[in-house]
Each structure stands twice: as C-alpha cells, then as structure tokens.
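Please work through the exercises below with the sequence and the model open side by side.

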Amino acid sequence: MGPMQFLRISAQFLLRGGRTYWAWVGLLVALMIWGGVAYLDQLRTGLIVTNMRDQVSWAFYIGNFTFLVGVAAAAVVLVIPAYIYQWKPIKEVALLGEILAISAIVMCLLFVTVDMGRPDRFWHLIPGVGRMNFPSSVLAWDVLVLNLYLVLNVVIVVHLLYCGMQGRHYNQSLVVPLVLFSIPAAVGIHTVTAFIYAGLAARPYWNSAILAPRFLCSAFCSGPAIMLILFQILQRTTRIAIRDAAIWKIAELMAYAMFLNLFLLGAEIFKEYYSATEHLVHLQYLFAGVEGHRALVPYAWAFVACGTMAFLLFLIPATRRNVVTLNLGCLLIYTSVYIEKGMGLVIPAFTPDTLGEIYEYTPTLHELRIGNAIFAVGFLIFTLLCKIAIPIMTGEFAAAATTTRGFAAPTGRKEEA
Amino acid sequence: MIRKKIAKYLAGRKYIIEILENPTDLSEFKERPTTRLITGLILMGFSYVIGWPAVAALSVLAVWCREPLLAVIGCRCCMAACPYGARHFNWSAPGLPAEELNPDMHVLGNRPRPRGVVEKCTFCIQRTRAGRYPACVEICPVGARKFGNLLDPESEISRILREKRVFVLKAELKTEPKFFYFFGV
C-alpha cells in the first residue's frame, strides 16, 4: 500500500459521514468565512478595528494564544504515562492527544499572525530566511520552539497513522526518541511563552518568578479537560473504545495540577496583598476594581470559584468517576483557565498602564469573529485528523484497504499496544 | 522623455513607495564585506551609469531578495517592555491632512509612517540636525525643558546634570534613560 492509496482511502473516510458530521463541518466552515471576512477588514483598515490601543497593546488575541499554548503542551499528560510508564489504557489514546496538540499549535500560530501589525513581514520569523533577533528576543525563541513542537507532533502522528494503515508496528527507533524529545519540548513551549511575559521588568504583574510554573500547572488542567470531553464525544460518535481507567487516571492527574495551580495563585495573591506596594494595583484591578473600573472583577471571581469547585470535584474519587460530575468539572476547569490564562493574564498587566492611565478594554465584534474563526480552524483540523486516525485505531481502515485492493491486511495499530 | 515616463510610472508603483518608506539597513557595511554586499555595490555603481530607472529596478530586486527592509513586524513586544509608555503603535493609517503636514521632514524623524508599526519621539531630528531645538523645548512658555549634547562637557545640559539635583523615572529598572528631571533651585 503506497502513499497514494493512503491518501485515497483517507479521502474516502473524510467524505463518508452522517448528517451530524456534515452539519458540524458546515458550521466550522461558516464560522471560518465569517471570521475571515472580519480579518480581511482588519488587513485593510489596520488593527484599529480591535479595541487595543497604546495603553493596552496586547489583548484578546495574545490571551487566546497563551491559553492555547497550554492546551498544546498538555499532550505530555498522555505521552508520559503512555510511553515512559508504558501504561496500556492511555497508550491506546495517546495519538488523540498528539492530534489535539497539532490543532492547538496551529491555532497559536494563527493568533500570533492576526495580532501582527505587519503580517506581510511574517517571514522574518522564519529561521534562516528573515532577520530574526535570535537569541536576544524571547519571542524569537518562542517561534522556534512552537514550530519545533509542531513539526515533532506532525512527524509522530503521520508516521503512526501510516504504519497503522499498513498494519505494521511503528518504527521504535524513530518514534520513541521523538516522543521522548517532545516531552521537554512541550514544557519548553509553555516555559518560553511564560518568559516572554515574566522577562518584562516594566510590567510588575508579569515580572514574577512563579509565572512559568503557574503556566505549566494550568496547562496540565486545561488541556486534559478539553481532551476528556472530546474523548467522550468520540466514544459516542465513533467506534473507538476508550477505557474508563484512562479517563479516571487523567482526571486524577488534573486534580494534582489544579491543586498546584491554585496554590501558586494563592502565593502570588498573598505576596502582592501583604506587601501592598504600588505593584498591587494590577491585582486590585483584577479582583476589586480600581477607581470604579470593574470590568474584570466578575470574571476574576468566576475563575477562582470555578477552579476551586473543579478541584474538589476531581479530588474526590467518587465524583471524578461519575460521568456528570466529571464533565461538569471539565467545563469548570476550561472556564477557569480560559479566563485566567486569557484576559485575566494579559489585561491587568496593562491596566493601569506604565504611566497610571486606565483604559478599560473589551474586545470588539471583529476580534471575537476572528477568534471564533481560528478556533473553527483548530476544531476542523482535529475533526479531520480524527476522521482518519480513528478508523486506523479501530481497524476499520485496514478492512477498507482489504476490500479495495483484495489482499489481506492485518488488523490495525491496536495490536502493538 | 521616455526615461522620465518610466521613472514616473515606477515612482507610482506600490512596491517602490514601500522601498522609499523603509530606510535601508546599513549595518552590513560595518562587518567584513560579503559577496552579496559587493554585488550590490557593483550593481549600484552600474545604476549610476545607466540612470534612475536602474535604481528602481534594483529596488524591485531588493524587494524580491527581501533584504534591505527593516524587520518591524508589529508584534508590539517593545510596547509591553517599555516602562515609560514612550512607544506608540500606528493602529490605523496616518490621517493627518496633507495641508497640515510639516513639509520639513527627516527620513528618521517626522515623516508619516505606515500603519501596523511602532514608533516613538525622535527629539525632532529634522530640527536638531539643523542646529535648532526640538519643538517642545522651543514652545515651552517657562523654559522648563532643556535639550543638548550630553557628550559635550561644556553644554548647558551637562552643566545642569553636574550642578542641579537630578533624577530619572524608575531608576531601579536600570534602563538608563537619557530623559532627566531636575529641580530648578
């Protein structure tokens, strides 16, 4: 079976789907068009269509970027138990985690691109081609590790799918080193992203040593939260079998990560409020409002409440094994980290600005539309890759290959697990 | 006649305007000359022989080779890093009407720049290069602002820094700003 047949059968799987599948793809494409039109508008008139201004120069786009780097990094929550501890229930689904990482990284790169004032000069960020300010710019490092992580995951996923399609075991000497290397790379993407913020002495809200550890802890909650919900959807809509043991183990790991996340947040809050220096004003803007400006206050308390509730739900074994409370916990974690690592991280650092001026930022419809479109791209990539990967994982792919070519293909990738 | 026409046509092209707007980076001259630099110099010399359109053609080549343009990508990292709010982003295209523009411009100073890039105060380089004070110094009704050459020990500004009580904002960040505040008494 050559690459051409692989592509042909993949296309067949992509085109075969029920009404729900086509409605879902149609919705995503519609969102992409709606946001794409908004982006064209932004290209024509400039970033003035956003509500970002000199006082708040990074906002919605960069907040989403930060959150999604965390989602991408969270693939290691599956990779470590699967490939280091050889734990079978998770190894069966580790591929889905890598697919999620690919989708998330693509979304990250898109969010950075739409935030750029001169997207026509993006090629300066390509190593060797443009004038990348390496190694002194942390942003250059970030672009480098993000692309490295993307390439790593694409190579791993394509190799696993191709071997699974042929019914043979994947190449140990290729996959194992790459997977092991992807673990520090995943930690790296989030650490370097945190360093972009933490390295700025001008912004005391970010200039904190525990920012990178906080990023990692929240990433190991939010990414798996999305994964658990996607796993359950896939379990109902496809023939894939995901063992409950895998889901429970991931939920347990999330409880530890959420504890560390809340603990580090508390440490940060204590340090700022007890020492009560001038730098407190940013945290005050987030949690209490400053001079009547209270736009973020409800969101701030929402993320604390959601995070605490989710932590309790995941801590108690009975509630993390119950389908209803498990999913409720996942939604709460998603909400909590999305607020905390998105707007809650970026906006307070700029409000009030370095000269004390307060500019209250809320995203415009253009920003929301473009953000929606980028999420739609990510979901579409995930959907299409799953559409190919799941038949391979369940052995349907090999069956299809047998009927089209008439030779006996062994069953799929499940054997090697 | 035909040469003038070609020149006029090229000058109206978008990429030519782009090149004229973006000053070239001359840092390569400080390093050991590379093959590309030598080729560029030969071609530049050649362009003097055949006249203006060759320069335009070379500029097109420069766009293709993507070399002499400044790499301002509009990521706004420098704005997040600035402790003084000194940097400003062109959120939209500059909208000052032509009749209100100062025709006395400098390539590194007060010319209108494209949208999507960050800029900052240039201390009115178009005035200071001509031996005049920046506009804010000249217009100040009480003479509170001073401007001068820090490298010249005899200048007014050096004397002020020597003799007055002076401080800078956020000195603890060690950005060593050259914008000083002094007590008049």
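This is a predicted model: local features need pLDDT of at least 70, side-chain atom pairs count only at pLDDT 80 or more; totals for chains, interfaces and linings use all residues.

**Exercise 1. Determine which secondary structure elements chain A holds, and why its radius of gyration agrees or disagrees with that of a compact globule.**

Step one is to count the elements: chain A has 17 helices and zero strands. Step two is to compare the radius of gyration with the rule: for 417 residues a compact globule would be near 22 Å, and because chain A has 22 Å, the two agree. Step four turns to burial and contacts: buried residues are 44% of the 417 residues in chain A, and of the contacts in chain A with a separation of 6 or more, 75% join residues 24 or more positions apart.

**Exercise 2. Describe how helix α2 and helix α16 of chain A pack.**

Two packed helices are described by the angle between their axes and the distance between the axes. For α2 (residues 19-45) and α16 (residues 365-394) of chain A, the axes come within 7 Å and cross at roughly 140°. Angles over 145 degrees would count as roughly antiparallel, and α2(A) and α16(A) are therefore oblique to each other. The crossing of α2(A) and α16(A) is left-handed. The contact involves, among others, A:W24, A:L28, A:W34, A:G35 and A:G36 of α2(A), together with residues of α16(A) including A:H366, A:A373, A:F379 and A:L380. By class, the residues of this contact of α2(A) with α16(A) are 14 nonpolar, six polar and two charged.

**Exercise 3. Carry out the analysis for helix α4 and helix α8 of chain A.**

The axes of α4 (residues 76-84) and α8 (residues 172-198) of chain A lie 10 Å apart, and the helices pack at an angle of about 140°. It follows that α4(A) and α8(A) are oblique to each other, and their crossing is left-handed. On the α4(A) side the contact is made by A:V76, A:V79, A:I80 and A:Y83, and on the α8(A) side by A:V176, A:V179, A:S182, A:I183 and A:A186. The residues of this contact of α4(A) with α8(A) comprise eight nonpolar, one polar and no charged.

**Exercise 4. Classify A:G164 and A:K271 as buried, partly exposed or exposed.**

A:G164, found in helix α7 (residues 138-166) of chain A, has 26 other C-beta atoms within 10 Å and is therefore buried. A:G164 and A:A389 are 225 residues apart in sequence, yet their C-alpha atoms are 8.8 Å apart. A:K271, which is found in helix α10 (residues 244-275) of chain A, has 15 C-beta neighbours inside 10 Å and so counts as partly exposed. A:K271 and A:F259 are 12 residues apart in sequence and 18 Å apart in space, C-alpha to C-alpha.

**Exercise 5. State how many residues of chain A and of chain B are in contact.**

The contact joins 26 residues of chain A with 24 residues of chain B. On the side of chain A that touches chain B, the residues are 12 nonpolar, seven polar and seven charged.

Note on methods: Residues are numbered from 1 along each chain as its sequence is written. Chains are lettered from A and ligands numbered from 1 in the order in which they are written. Two residues are in contact if their C-beta atoms, placed from the backbone, lie within 7 Å. Ala, Val, Leu, Ile, Met, Phe, Trp, Tyr, Cys and Pro count as nonpolar, Asp, Glu, Lys and Arg as charged, and the others, Gly among them, as polar. Helices (H or I, at least four residues) and strands (E, at least two) are DSSP runs, numbered from the N terminus. The radius of gyration is taken over C-alpha atoms; the globule rule is 2.2 Å times the number of residues to the power 0.38. A residue is buried if 20 or more other C-beta atoms lie within 10 Å of its own, exposed if 12 or fewer, and partly exposed in between; C-beta atoms are placed from the backbone. Axes are lines fitted to C-alpha atoms, for helices over the stretch in contact, and angles run from 0 to 180 degrees between N-to-C directions. Angles under 35 degrees count as roughly parallel, over 145 as roughly antiparallel, 65 to 115 as roughly perpendicular and the rest as oblique. A crossing is left-handed if the near helix is turned anticlockwise from the far one by less than a right angle, and right-handed if clockwise.
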